[in-house]
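Let's take a walk through this structure together, going from the way the copies are arranged down to a single residue. Keep the 3D view open as you read.

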Protein chains: 4
Amino acid sequence: MCGIFGIENAENASMFAFVGLLTLQHRGEESAGITSNNDGINYITHKSMGLVSQIFKEKILNTLTGKTAIGHVRYSTHSESTLLNAQPFVFNCIHGNIAVAHNGNITNCETIKKELAQSGSIFNHTSDTEIVAHLVAKSRGFSAGELIKKSVSRLEGAYSLIFIVGNKLIGVRDPFGYRPLVLGQKDNSYILASETSAVDAAGGTFIRNVNPGEVIVIENGKIIEDIYPDRKEKEKFCIFEQVYFSRPDSVLCSKSVKNARVQMGRYLAQQMKDIKADIIVPVPDTGIFSAQGFSEESGIKFQTGFIRNHYVGRSFIKPSQKMREITARLKLFPIKDVICGKKIVLIDDSLVRGTTAQKIVKILRDVGAKEIHFALSCPPVISPCFYGIDTPNKDKLISAVKSNDDIKEFLNVDSLTFLNIDNMKKACSNDGNTENFCCACFDGIYPSKITDTNN
Amino acid sequence: MCGIFGIENAENASMFAFVGLLTLQHRGEESAGITSNNDGINYITHKSMGLVSQIFKEKILNTLTGKTAIGHVRYSTHSESTLLNAQPFVFNCIHGNIAVAHNGNITNCETIKKELAQSGSIFNHTSDTEIVAHLVAKSRGFSAGELIKKSVSRLEGAYSLIFIVGNKLIGVRDPFGYRPLVLGQKDNSYILASETSAVDAAGGTFIRNVNPGEVIVIENGKIIEDIYPDRKEKEKFCIFEQVYFSRPDSVLCSKSVKNARVQMGRYLAQQMKDIKADIIVPVPDTGIFSAQGFSEESGIKFQTGFIRNHYVGRSFIKPSQKMREITARLKLFPIKDVICGKKIVLIDDSLVRGTTAQKIVKILRDVGAKEIHFALSCPPVISPCFYGIDTPNKDKLISAVKSNDDIKEFLNVDSLTFLNIDNMKKACSNDGNTENFCCACFDGIYPSKITDTNN
Amino acid sequence: MCGIFGIENAENASMFAFVGLLTLQHRGEESAGITSNNDGINYITHKSMGLVSQIFKEKILNTLTGKTAIGHVRYSTHSESTLLNAQPFVFNCIHGNIAVAHNGNITNCETIKKELAQSGSIFNHTSDTEIVAHLVAKSRGFSAGELIKKSVSRLEGAYSLIFIVGNKLIGVRDPFGYRPLVLGQKDNSYILASETSAVDAAGGTFIRNVNPGEVIVIENGKIIEDIYPDRKEKEKFCIFEQVYFSRPDSVLCSKSVKNARVQMGRYLAQQMKDIKADIIVPVPDTGIFSAQGFSEESGIKFQTGFIRNHYVGRSFIKPSQKMREITARLKLFPIKDVICGKKIVLIDDSLVRGTTAQKIVKILRDVGAKEIHFALSCPPVISPCFYGIDTPNKDKLISAVKSNDDIKEFLNVDSLTFLNIDNMKKACSNDGNTENFCCACFDGIYPSKITDTNN
Amino acid sequence: MCGIFGIENAENASMFAFVGLLTLQHRGEESAGITSNNDGINYITHKSMGLVSQIFKEKILNTLTGKTAIGHVRYSTHSESTLLNAQPFVFNCIHGNIAVAHNGNITNCETIKKELAQSGSIFNHTSDTEIVAHLVAKSRGFSAGELIKKSVSRLEGAYSLIFIVGNKLIGVRDPFGYRPLVLGQKDNSYILASETSAVDAAGGTFIRNVNPGEVIVIENGKIIEDIYPDRKEKEKFCIFEQVYFSRPDSVLCSKSVKNARVQMGRYLAQQMKDIKADIIVPVPDTGIFSAQGFSEESGIKFQTGFIRNHYVGRSFIKPSQKMREITARLKLFPIKDVICGKKIVLIDDSLVRGTTAQKIVKILRDVGAKEIHFALSCPPVISPCFYGIDTPNKDKLISAVKSNDDIKEFLNVDSLTFLNIDNMKKACSNDGNTENFCCACFDGIYPSKITDTNN
């Protein structure tokens, strides 16, 4: 997963990119970068491993001059997590200097790479963004929009891309629209961003989603091209964005993520109306709104049962067993007198490997929880994602390899309830239309071809 | 404010100190340090500016060998914030090597320092902990406990101290017991810590508070001395610990902080029973439990109205005006459809300068809040703290310089309600006894002498 | 200028590369890097700005496992001095992973780059080594040697290259042999290096020079291919290597650099036999051996007149005027009682801009030198180098823009003598053959075409 | 060993301190620091582990404002090499803020420390400079000079000290004058420095040595006090300064170090007049001037036989055996055609442990030296130094534990000659007076009491 942001025709463009990336930080904590461009020719890039707030101090932002800037936060969906693969990716080619920031996953990357190698291309990186760069360099078009449209026509899979090409800021989404990309406006500037909350944070106004397949070209504060691919696909938006990935204050599919989650909680409460419980306890922070919806629907009291320690980050790379044991309970602290002796509905967003949930249940048991009814605001995750969400292989997905009873036993819970798939879709839809979602991780139906599964 | 932690007779003592400090990180984010001791003679110290999780990697903890360790997190209450003043403070003297970690503020520091200088002492630091070290070096006692008892007898003000003296771990609290210090146990080890949650996190069990004035000496897993000062004072525990400073999962005065805060919210609801509102919105994270209590008492719905961005830390040291404007709304994001068109009870823990509250109210107004009734779960702060809380001078305290009507106007709120002082005391007390609190910042009554006000 | 080193079939190959680079450090102090390869597939690279001894600690060398390693030290001859351009340059292409280290300067770089861009190549770097990579990726050959031979056939200018291609270590020199590259042997390993001293330092034995145009392919301790280009050129070895650039303990053209320099000094003494002087003083360190030769030939006493401060490095990036004045005399300290009252023959290797020489003369005058006869062990530098030596543009070359009399006055010396070009060639030749040198910087005769002058 | 520098009444005082420290870097490469003072009250200090040029960038020097500055470079003579012990040492006491930089070794340090501990002093450091600070804090005087005079009266051993006390710069030498300290002048500023070359580098003029026992107080460009201790001792200047430690361009005892060394070489030549050799080869850099003197006296040709690699620093902390073998020959490269087949007089400054000399001899043998006659420009080192030179314990001194024949065999040399002690003294004396040297390391006669031998 990644987050991307672009702004054009703005004084201090890099500062707005910084604000946008801070807002999108939850989409990728591994590396961050900003490229700015003033004169249409020379680009300035600063990127590094780490968090946005650590990487970009004001002194550095002041060096990223220019009225156009794009930024990127990265959480690798592949194995190689190095600075080399940090974005934006800047390259020089027949079309001049180009910068690109990419969110998604190309599913025919290896196939294209082999063809490129045959024609003499060299590769310095392992990210699939380099493939995009090569395709741009080898494509021709009468306009910048046509060039980008042709460049991405070979790509399969999921991609939302923001380019700087000369003086232009360009946004693209794949024909299925798997990954989000929105258009905003602020004074005389257009903004492109992964989520509406980043537009808000930069002081802008959300205009509309970039459409599936759309190529939108912005220059001097105007949309100068707006074109679509020759092939037209039915939209398949990743429903996991609402379930887990996006910020609650973002708006997806004309519905705030927060409201979708409250609704998921309400549906869960309906599914579990026979469960007698004393309190609803969310796993912070993603379970909070589902828990609120559950509480409202069921009348069972919502309680904050955990303190989350925000100071505990990814500080221990490969800690020893000893260290793991000592620090096991540092991230989530139970509030004992909330939990002790209670029948609890525990709400989390999703169940992937099951290992974290097992630890959380143990923490509740240790402080005296009487019953634990575990409710997930999505269906069982049974298939891996090839479109950019970092889910593990199928054999690591607990719902793919264990029965619900076995999972119940593994987790040591009194009951286990998944939101059913129709309820999930209804909760996420604004208008009752539930056809436009990619639910591949829940139903195994992949809308587009997966040519290269190993990437 | 600071947080302190000590453990004795434990394998991997420094790892438990690390866990304790992570749990106490909210008490001081400026610097952190751990000193360990194995053989009663040589001490190993690692300390640095920054956060606990950044400073202590496993490789470093492995160098801090030994079965006794003390740790410290610091938020300076004085001007000089440098590594030089980071703790633990280790020194060599007639009694051998000694390490000390200090939470509090000595109010006759300058007077003692002048006397020490007369007798030929040298000073390398600006913290008042160095004064404690000098007093130890100049004192004599038949036992380690007597030595420490005599050493601290000259001190006025607030202090909770943890020492390593040779093979012994020693805890002390000032005779008024302003600052917390608790005793815990884990297997064959005793633990001393600022808060019970740190004992819990280390896997230990809370035993009791260290009493005001008590000097407790621990060696080889046993309490070998437990003595009291000759002068006996009435306990005056800092009530601001419950209002704001301590973790909600800690237990103070035999009552969980969370419960005290829920009760504050209930009393506030009673005080404000004539206010008609649609929702209760807390300022995260400290207002959450008061808001819960308010909601329970009033029946008005609790709503999460803000997303707090935990990625935005102290990244911009002295940012430019331009930068401040751009990043103004990064820390707290309003969830628009929760707020818009609503009559809101906004709950925060306390009002000090008023500048942050003014910004938060503006954020709510910007997204369409209809009415804002601002409720504080403590009385007006009208006097500075000399006992270790980092409150500003009186002329910066908004309640000391403005009338409530002027504050209401300044903040742009429809009503402004402070929890009254009796309700606050009742909420914090376990047994109805409301005499044992220091409420100097609310009532201006300082239990002990302030000899040197300028420190 | 750069230095390159490669070793094959050696345990701890990267440690020998480290030793080689330390020995070649004088050829480039800007950045250094090592790439190692064990299995013919995966390469490990560490490179950084700075000095070899700062970049490579034993812990890092231990991560560079494998029996083949190449290394590079860089002093940029172009403007962009960034980590991006540090070498070895590693890329993936149709032939697998390839690493290359480059010493020299390609004179048709821009022309090739334009053609590559037309065919859709992308560029991430600004160094001409990336061009070499593209040519390799676009070439085909029945063997690794043929591949490299074809790849470099388009290149004009100066290049000595070391590649790792799969399991093979490959060395190449351009058809004119401008830049040095030697072959050494150590136990069952072959070594390729810029200078013989690096072979010696690694404990190996110098075998022979790699010949102009030669492509030499080494695998498993054997030379498996040894081929030559179709075009055959007359050797034109850069004579500046002997004059200034190479280490005195290296052997070039079958003659030790030290002996060449002693001989230059002897010829200078013959040219200056009418000058009456008390002492010969070299500018350390490059003038020492010429001064020795001059002293031997003339009978005038050699004296160490300067202490060079080896601690003063490139510490002040763009110092202020104030700082420049304060630190002006830090690098070379005169020994007053050697200099004062003496008629001095001052010997330096070459005169390029003249600004440093002017300062040195002033230092000698300040401590009382009576007469200064300035002798240069090479002719006037009148033309820029396009083959990899970092000489400035013609208008910055003092001998290109000023008469000898004007230079004498500018430097404030009593006489000024340049070694004449025939003497220089004779001094550098082992066998009296003086045809095989490139003396373009002295005579303006460029052996090969300079297609792109601006690179 | 350490180097110290102070300047008063100078704009940019810290920049001159920087220049002075760069010049004195050879006296200590472990840590460096500068303290500046403008207003007589507040001092600014920057110190760090590492080399002067790495620690002090212009940006940092610009923060060290003020017209008075002192600086220090340190090579620890004790075991603890940490930043804690870096100097200048700054402390606050009854006399205000005081900074001190120290060169030497106090031989009754432990005794004084015990007394101080009895009186209640605390110690944060392990250096003996902290003892000096305590004595200053406990002393009283009618003037700054009297204060310092009394403070140092208890000290035994070797010390040259520079203080900042309020607005005053103060220099002191111990009554025997073991360690150098000179007075210089530059415009309206006085300079104090370990060596004259540092005065020269700062653009100043050498005035005279600070005398043994002298306390000199400088304020506003004037010497305002100049007092002497009550006890008067015969001067005993460390002769090792001329033999090895000081820069050749410094003047000690009215004689340039370079001239003293040339004379040592001449005497050595006289002692070895029966040796037949082809060339004189110095071990660089300290043997160069002795070799020159030897060559002049004997008529045997001086040759540069080694290239010293100045890039190889202390980069490998505790390298593995493998690494040590690989890098053994990196520091000194033999020039084979100078050495091969020759009878060589090899000249070094001194023989301490013998291990380095053994390696150098092996390098010469490996490249074909025919005979090696090893000449040392000082007598056998048979006793440790307690006055500040970092010689090892007696059992590590090769001349203390082996006969000359055994050493010859150990080193594998054809002959071994030490300069005899009278010749050494004569070479170092300007006026034939050879009484004023401390030669304890050569003759075991310690001029002053060694109360605490273990420090």
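What follows is a short tour of a predicted model.

Let's begin with two of the chains. How is chain D superposed on chain C? A rotation of 180 degrees does it, with 0.0 Å of shift along the axis and an RMSD of 0.1 Å. The two copies are thus related as by a two-fold rotation axis. Both use the same surface, for 100% of the contact residues of chain D recur in chain C.

Staying with chain C, turn to a pair of its helices. Helix H9 (residues 257-271) of chain C packs against helix H10 (residues 288-298) of chain C at an angle of about 45 degrees, and their axes are 6 Å apart. That angle makes H9(C) oblique to H10(C). As for handedness, the crossing of H9(C) and H10(C) is right-handed. From H9(C), the contact residues include C:Arg261, C:Val262, C:Met264, C:Gly265, C:Leu268 and C:Ala269. H10(C) contributes, among them, C:Phe289, C:Gly293, C:Phe294, C:Glu297 and C:Ser298. Taken by class, this contact of H9(C) with H10(C) has six nonpolar, six polar and five charged residues.

Now move over to chain A and find helix H6 (residues 144-152). Is this helix mostly covered or mostly open? H6 of chain A is mostly covered, with seven of its nine residues buried. The buried residues are A:Ala144, A:Gly145, A:Leu147, A:Ile148, A:Lys149, A:Ser151 and A:Val152; note that a lysine, A:Lys149, is one of them. What lies over them? The cover of the buried residues in H6(A) includes helix H5 (129-138) of chain A. It also includes four strands of chain A, namely S7 (157-165), S8 (168-173), S12 (215-219) and S13 (222-227).

Leaving aside residues up to four places away in sequence, A:Ser298 touches A:Ala269 and A:Ile280. Because its relative accessible area is 32%, A:Ser298 counts as partly exposed. For a sense of distance within the chain, compare A:Ser298 with A:Arg179: they are 119 residues apart along the chain, and their C-alpha atoms are separated by 34 Å.

Technical notes: Residues numbered from 1 in each chain as written. Chains lettered and ligands numbered in written order. Predicted model: local features only at pLDDT ≥ 70, side-chain atom pairs only at ≥ 80, totals over all residues. Heavy atoms only, no water. Least-squares fit on C-alpha atoms with pLDDT ≥ 70 in both. Contact = heavy atoms within 4.5 Å. Buried < 20%, exposed > 50% of the residue type's maximum accessible area, 1.4 Å probe, protein only. Helix = DSSP H or I, 4+ residues; strand = E, 2+ residues; numbered from the N terminus. Axes fitted to C-alpha atoms, helices over the stretch in contact; angles between N-to-C directions. Parallel < 35°, antiparallel > 145°, perpendicular 65-115°, else oblique. Left-handed = near helix turned anticlockwise from the far one by under 90°. Nonpolar A, V, L, I, M, F, W, Y, C, P; charged D, E, K, R; others polar.
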